[in-house]
Amino acid sequence: MHIHRLEKIWLGFGLAMLFVFLGILGVSAFAMGVQPPSEHHHMIDPTKVSETAPFDQPGIKQVADKEYEAVMVAFAFGYTPEKLEVPAGSTVHFTVTSQDVIHGFEIPGTNVNMMIIPGEVSQVSHQFTKPGEYLILCNEYCGGAHEYMMTKIIVK
Ligand code: CUA
């Protein structure tokens, strides 16, 4: 079989690139410890959410000046607590888990967008600078009433 010279060069180039990329991947993964963000650093028993702190007392509490901590549980088809209220300019630290299936936790118009996995404790913080009603939506299909799964955070 005859292979054109230019084609040989091109094949060689492709093969060389393959090893260069594998090399980079190997060095970054094994020598530099670069890993995807997949640590399951905080898990609880998903069947005991309502008995496990802090989810035994879901709610919002002030932790500092203009700083709040919201502990929430996602379930089919809603979130506890049902309604949250903070003054404008507050930073809210959300701590969320699910007691049944995978749900979403998205606040449209912000960077808040988490997947809520049963038993996995997910955390995100957001500063609400503008007053208004912010929707918290489920963006993972979780069953028949998925599209009604929401709650609100009221910023005054
Ligand atoms: Cu919960 Cu969709």
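**Ground rules.** I number residues from 1 along each chain as its sequence is written. The model is predicted, so local features need pLDDT of at least 70 and side-chain atom pairs pLDDT 80 or more, while totals for chains, interfaces and linings use all residues; side-chain values use heavy atoms, without hydrogens and water.

**Entry 1, helix α1.** I looked up Leu-25 and found it in helix α1 (residues 5–31). Helices here are DSSP runs of H or I with at least four residues, and strands are runs of E with at least two, numbered from the N terminus. Leu-25 is exposed, at 56% relative accessible area. I use buried for under 20%, exposed for over 50% and partly exposed in between (1.4 Å probe, protein chains only).

I paired rings of Phe, Tyr and Trp (its six-membered ring) with centres within 6.5 Å; planes under 30 degrees apart are stacked, over 60 edge-to-face, the rest tilted. I get five aromatic pairs. Trp-10 and Phe-13 have ring centres 5.3 Å apart and planes at 15°, so they are stacked. Why are they about one helical turn apart? Trp-10 and Phe-13 sit three residues apart in helix α1. Trp-10 is exposed at 61%. Phe-13 is partly exposed at 42%.
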